[in-house]
Amino acid sequence: MSEIPKAYEPQSVEERWHQYWSEQNLFQANPSSAKPAYSIVIPPPNVTGVLTLGHVLNNTIQDVLARFSRMKRFEVLWLPGTDHAGIATQSVVEKHLRQQGVMSHRDDLGREKFLEKAWEWKEKHGGIIIQQLKKLGCSCDWTRERFTMDDHYSRCVQKVFVDLYHKGLIYRGKRMVNWCPVSLTALSDEEVIMTEEKGQLWHFRYPCLNDDGTPSSEEHVVVATTRPETMLGDEAVAVNPNDPRYQSLIGRELLLPLQNKRIPVIRDELVDPEFGTGCVKVTPAHDPADYEIGLRHDLPFTVVIAPDGRMNHAAGEDFEGLDRMEARKAVAERMEEEGYLEKVESYTHNVGYSERSHVPIEPYLSEQWFLRYPAVREATEAVADGKIRFFPERWAKSYLHWMENIRDWCISRQLWWGHRIPVWYHRETGEMHCDLEPPKDPENWEQDADVLDTWFSSWLWPFATMGWPEQTETLRKFYPTTDLVTGPDILFFWVARMIMAGYELMGERPFHNVYFTGIIRDKHGRKMSKSLGNSPDPLALIEQYGADALRFGVMRSAPLGQDLLFDEKHVELGRNFCNKLWNACRFRQLQGGETEGEISPSHLTSDDKWILLRLDTAIREITDALEGYRFNEAAQVLYRFLWSEYCDWYIEASKALLQSTVAEVRNNSLAVTDFVLSHALRLLHPFLPFITEELWHGLGYNNGLPSDQGGTTIGFANWPKPLDDDFKQVYGLDESDERFVAAKYDMVTKGRNLRREYKIPSNQRIRYVFKPNAPISEHEKSVLKVLLNAEPLEVSPDMQPPKGTPQVLSQIGELYLPVEGLIDVEAETNRLNRELEKVELEIEKVQTKLNNPNFTQKAPEAVLEEHRQRLHDWQERYNQVKAAVDALKH
């Protein structure tokens, strides 16, 4: 047992135990263990990443689950790692190299040289977030850390590509894809964020052509577009064949303005005659719907926008080289100058933005690799039938809807950083070679330049990290994994794809349960962002308050699957809670005596029995909450038990026993304290790993325990079990004790409130008179005396108080506060009456607002609720002050 210092200094405590855990490899999973397996894989953060509050929430939840499971005697594998994050990392490296003056474009270096620089950057900066997760207290098996571009992992990725290609599930084709003109790569549908924008809708006239090919001055069609620049690539105007307005136009030709090109009027049943004019311009190379129309009608695919977002030669010499946004303005102006603009109107619509580059994506016709999703039926049924459970359940509906409308996945990316596609083309014959190994005459072949989408490697994470395709001991022990903790924003990017990969490649689900976190917002409900300045640095919070405080503050305010409104006050609360725990344990150590002595049933007081029963309730509630993924509920129970029930009540009540000169009485009180504290520290450990480790050792609770059951670390101590019936019978615990002590503490609370009403300082010892309903022991009297800070506390069963003596009623009797000599009754009565007048004014003000329809009909619900609560609080205060005034009346 080491001395617990007076002040808790989290930085030194956390650093010492983090180093100890690492040196001892305490979290290394043993696949040969006979214990049942619990496994969880970390959602690999980007190798470019640094710790955010989102990481704090996600990884603290995982750590709570991992530590909870270890204490329940599971063999735990929490497998960490990082993701190579293709687009994000390449963008960061390119920016870094440009700033250093090494290049202006990656082509200046060439692929091999650029990749050397990228690997150098990864080795220098790639481990930052891992070190930060360790600082947070994450109990991962750090010996198994993986990176998605490790040699073995890369081999897995290429094997999957080759196998699925030969199964006919991967193919190459020219399709309309989402193109990012900044990153110069294709994107999957899931990487496009639809954003509502206020824009304009231009209505253009396209003249009909006469039989002699000249444009008609009288006949024209009107088409509408939000993207005038794309009209330069129009190849037709489509109408619905059942629209009577345009029957005579079907088959005729129009003049495409600015391009001076003939385009036909075609019939297509998918055209909505109710939308706009019923005429739709068709740009097959620059719109997904128009692409499908182009295929059905065998139209040309004229590309007028280059990959970098600039207009190309086909757009015409007046527009070539312009950025697409510049071209939009230029085309609209020219159409107006030449008399083809019908009208312009404001228009709100959704625009697809690149998730990474934050620019509008460009629908682009490109040769890409695609995957037909495998094991769709199995993956759908697994969630529909509850074989894989989602928490909260509502996300299952979103998942099933996506699975029903699934589209082939564009898996190729025009990047250099990533897993290069294992396909080679013969330089002369064009023959294609798809294999894990390159052709034997590599000089005659050229490898495909593209890399695979980052998610194509991430979807293998649950099993590729465990040694697949070999059937390793780790894979046999820990797959399928138990839990996955992630955000709903990557439900389709990652979760759904992992489920399909699990069934296709392992023949089994990848995990049993998926817990979806909410989004962390600021206290005003806004999403956190650097531009708003409302995104605090977790490392700064750890430095100021400690990792345990941050963990507890975040977890206590994170309801199941709902958004978390972050306020730094939550972390302050976590720090204060840690200080409370520290002081409670230090108080125990200062009492000396034998640690964890045997409890004597005959010496148990009602307060002892009450705290044991409250401990039993806490164990049951916390265990149930953790097993149901209700982490904030577990944290709130911990807070209630430790702060209120143990510290505020039991410690104070036990001071009466600790002052006893009878050794047996005092030692029994210490034995109960040790029993409760040793259980409380274990209950707290998953949330507060550092401080509980320090106090576990500081109080000597590890002494005499086997190394795998708490001797080495509290993390291996057994999770507390509820007190069974035999225990309760031996120690005489029943609900009557709980009810009696609850009533006693309720009376004390009311007695303290009396003191507060009459402005009597809490540290001033004053006279109380207690009139009990039944005889009480000297011990109960001494406890009441301590809790009330009474001097003296008179027990008078026949008490007949003078009229006007303040009193409180309780289930165990009446408590009186004789005020003679303590206060000036007349002055106090005047003060309370003045306060009554002020409170009445406040009540009137709030009632006036709430009775005003102009206010109640316009104010947000949150504001209305705030005013209702304010009214309730003032009314409560009125009743309290009125009771105090009445008590002083003679």
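Predicted model: local features only at pLDDT ≥ 70, side-chain atom pairs only at ≥ 80, totals over all residues.
**Salt bridges**

The whole structure contains 60 salt bridges. Three of them are set out below with the distance from nitrogen to oxygen.

| E694 | R16 | 2.5 Å |

In the salt bridge between E694 and R16, the side chains meet at 2.5 Å. E694 belongs to helix α21 (residues 689–698) and R16 to helix α1 (residues 10–24), so this pair ties together parts that are 678 residues apart in sequence. R16 is partly exposed, at 38% relative accessibility.

The relative accessible area of E381 is 36%, which makes E381 partly exposed. For R377 the value is 52%, and R377 is exposed.

Helix α19 (residues 631–658) holds D648 and helix α17 (residues 568–590) holds K580, so the contact ties together parts that are 68 residues apart in sequence. D648 is partly exposed, with a relative accessible area of 29%, and K580 is partly exposed too, with 23%. Elsewhere, salt bridges with shared partners join R227, E229, R324, R328 and E362 into one network.

**Aromatic rings**

The count of aromatic pairs comes to 41. In one of them, the ring centres of W402 and F492 are 5.2 Å apart and the ring planes stand at 25°, so the pair is stacked; planes under 30 degrees apart count as such. This pair links distant parts of the chain, because W402 is in helix α10 (residues 394–404) and F492 in helix α14 (residues 491–506), 90 residues apart. W402 is buried at 13% relative accessibility, whereas F492 is partly exposed at 24%. Both rings belong to a cluster linked by ring pairs, whose members include F161, Y165, W369 and Y373.

Charged groups also sit over rings. The charged end of R67 is placed over the ring of W21, 4.7 Å from the ring centre.

**A sheet and its helices**

An open sheet is formed by four strands in the order β27-β26-β29-β28, with mixed pairing. At its edges stand β27 (790–795) and β28 (807–810); each has a single partner strand, so one side of each is left without a neighbour in the sheet. From one strand to the next, the twist averages 20°.

Strands of a sheet pair through backbone hydrogen bonds, in a parallel or an antiparallel sense. Between β28 and β29 (residues 813–816) the pairing is antiparallel, over four bridges. Q807 has Y816 in β29 as its bridge partner.

Two helices lie across strands of this sheet. Helix α23 (residues 735–757) lies across β26 (766–772), β28 and β29, and runs at about 165° to β28. Helix α24 (residues 778–788) lies across β26, β27 and β29, and its direction is at about 140° to β27.

Definitions and conventions. Residues numbered from 1 in each chain as written. Heavy atoms only, no water. Salt bridge = Lys/Arg side-chain N within 4 Å of Asp/Glu carboxyl O. Buried < 20%, exposed > 50% of the residue type's maximum accessible area, 1.4 Å probe, protein only. Phe/Tyr/Trp six-rings, centres within 6.5 Å; stacked < 30°, edge-to-face > 60°. Lys NZ or Arg CZ within 6 Å of the ring centre and 35° of its normal. Pairing = 2+ DSSP bridges. Axes fitted to C-alpha atoms, helices over the stretch in contact; angles between N-to-C directions. Contact = heavy atoms within 4.5 Å.
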